[in-house]
Amino acid sequence: VDNYEARMCINQACLEMGQTWMESGVSEDAVSGHIQVMIPGETACFACVPPLIVASGIDEKTLKRDGVCAASLPTTMGMVAGM
C-alpha cells in the first residue's frame, strides 16, 4: 500500500486478529526507506509509532515530488523489501 490511511486499516486488522505485520516504505526520492515489525501485545503498533512525516503533521499528499528518480525507486524498494 502507498498511503497512511491504508496502513492504518491494515494495522487495525492485524491488531484485531493478533497478526504480526512487517511494514516497509521508501521515500519519494528513493534515498531512504524503513522497515517496522509490529507484533500485537509485544511491540508498538503502527498507530503508536507512525513514520516521521506523519508524526510531524505534514499531509503526505502535499509533499513535493520534484527530483524523483524513476530508475532508482524500484532498486531502493527491492533492497528494503529484501531486508
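The questions and answers below go from the overall fold to single residues.

Modeller: First, the ground rules: this is a predicted model, where local features need pLDDT of at least 70, side-chain atom pairs count only at pLDDT 80 or more, and totals for chains, interfaces and linings use all residues. Residues are numbered from 1 along each chain as its sequence is written, and side-chain values use heavy atoms, with hydrogens and water left out.

Biologist: Which pattern does the protein follow along the sequence?

Modeller: Helices (H or I, at least four residues) and strands (E, at least two) are DSSP runs, numbered from the N terminus. The protein has 3 helices and 2 strands. Read along the sequence, the pattern is α-β-β-α-α.

Biologist: What percentage of the 83 residues is buried?

Modeller: Buried means under 20% relative accessible area, exposed means over 50%, and partly exposed lies in between (1.4 Å probe, protein chains only). Of the 83 residues in the protein, the buried share is 17%.

Biologist: What share of the contacts with a separation of 6 or more comes from residues 24 or more positions apart?

Modeller: A contact means heavy atoms within 4.5 Å. Take the contacts in the protein with a separation of 6 or more; residues 24 or more positions apart account for 48%.

Biologist: Which residue forms a salt bridge with Arg7?

Modeller: Side chains of opposite charge can pair when their charged atoms come close. The rule here is a side-chain nitrogen of Lys or Arg within 4 Å of a carboxyl oxygen of Asp or Glu. A search of the whole structure finds 1 such salt bridge. In it, the closest N and O atoms are 2.4 Å apart, and the partner of Arg7 is Glu23.

Biologist: How many residues apart are the two partners, Arg7 and Glu23?

Modeller: The salt bridge joins Arg7 to Glu23. Arg7 is in helix 1 (residues 4-17) and Glu23 is in strand 1 (residues 21-26), so by these DSSP runs the pair links distant parts of the chain, 16 residues apart.

Biologist: Are Arg7 and Glu23 buried or exposed?

Modeller: Arg7 sits in helix 1, Glu23 in strand 1. Both residues are buried.

Biologist: Which residues do the ring pairs link into a cluster?

Modeller: Rings of Phe, Tyr and Trp (its six-membered ring) pair if their centres lie within 6.5 Å; planes under 30 degrees apart are stacked, over 60 edge-to-face, and the rest tilted. The structure holds 2 aromatic pairs. Tyr4 and Phe46 form a tilted one, 5.8 Å centre to centre with 40 degrees between the planes. Together, the ring pairs link Tyr4, Trp21 and Phe46.

Biologist: Where is Phe46, the partner of Tyr4?

Modeller: The Tyr4 and Phe46 pair links distant parts of the chain, 42 residues apart. Tyr4 is partly exposed at 24% relative accessible area, whereas Phe46 is buried at 0%. Tyr4 lies in helix 1, and Phe46 in the loop between strand 2 (33-38) and helix 2 (52-55).

Biologist: Why does the pair of Trp21 and Phe46 tie together parts apart in sequence?

Modeller: Trp21 and Phe46 form a tilted pair, 5.6 Å centre to centre with 55 degrees between the planes. Both residues are buried. Trp21 lies in strand 1 and Phe46 in the loop between strand 2 and helix 2, so the pair ties together parts whose separation in sequence is 25 residues.

Biologist: Which element gives the most to the lining of the largest cavity?

Modeller: On a 1 Å grid over the protein atoms alone, a cavity is a set of points where a 1.4 Å probe fits but cannot get out, and lining residues have an atom within 4 Å of a point. The count comes to 1 cavity of 30 Å³ or more. The largest cavity holds about 50 Å³ of space, and its lining includes Asn11, Trp21 and Ala44. With 3 residues, the top contributor is helix 1.

Biologist: Which residues does Asn11 touch, not counting residues up to four places away in sequence?

Modeller: Asn11 lies in helix 1. Asn11 is buried, with a relative accessible area of 3%. Not counting residues up to four places away in sequence, Asn11 touches Trp21, Cys45, Phe46 and Ala47.

Biologist: What distance separates the C-alpha atoms of Ala47 and Arg7?

Modeller: Ala47 is in the loop between strand 2 and helix 2. Ala47 is partly exposed at 37% relative accessible area. Ala47 and Arg7 are 40 residues apart along the chain, and their C-alpha atoms are separated by 9.1 Å.

Technical notes
On a 1 Å grid over the protein atoms alone, a cavity is a set of points where a 1.4 Å probe fits but cannot get out, and a pocket is an open set with protein on both sides within 12 Å along at least five of seven lines; lining residues have an atom within 4 Å of a point. Grid points are joined across faces, edges and corners, and a volume is the space filled by probe spheres set on the points.
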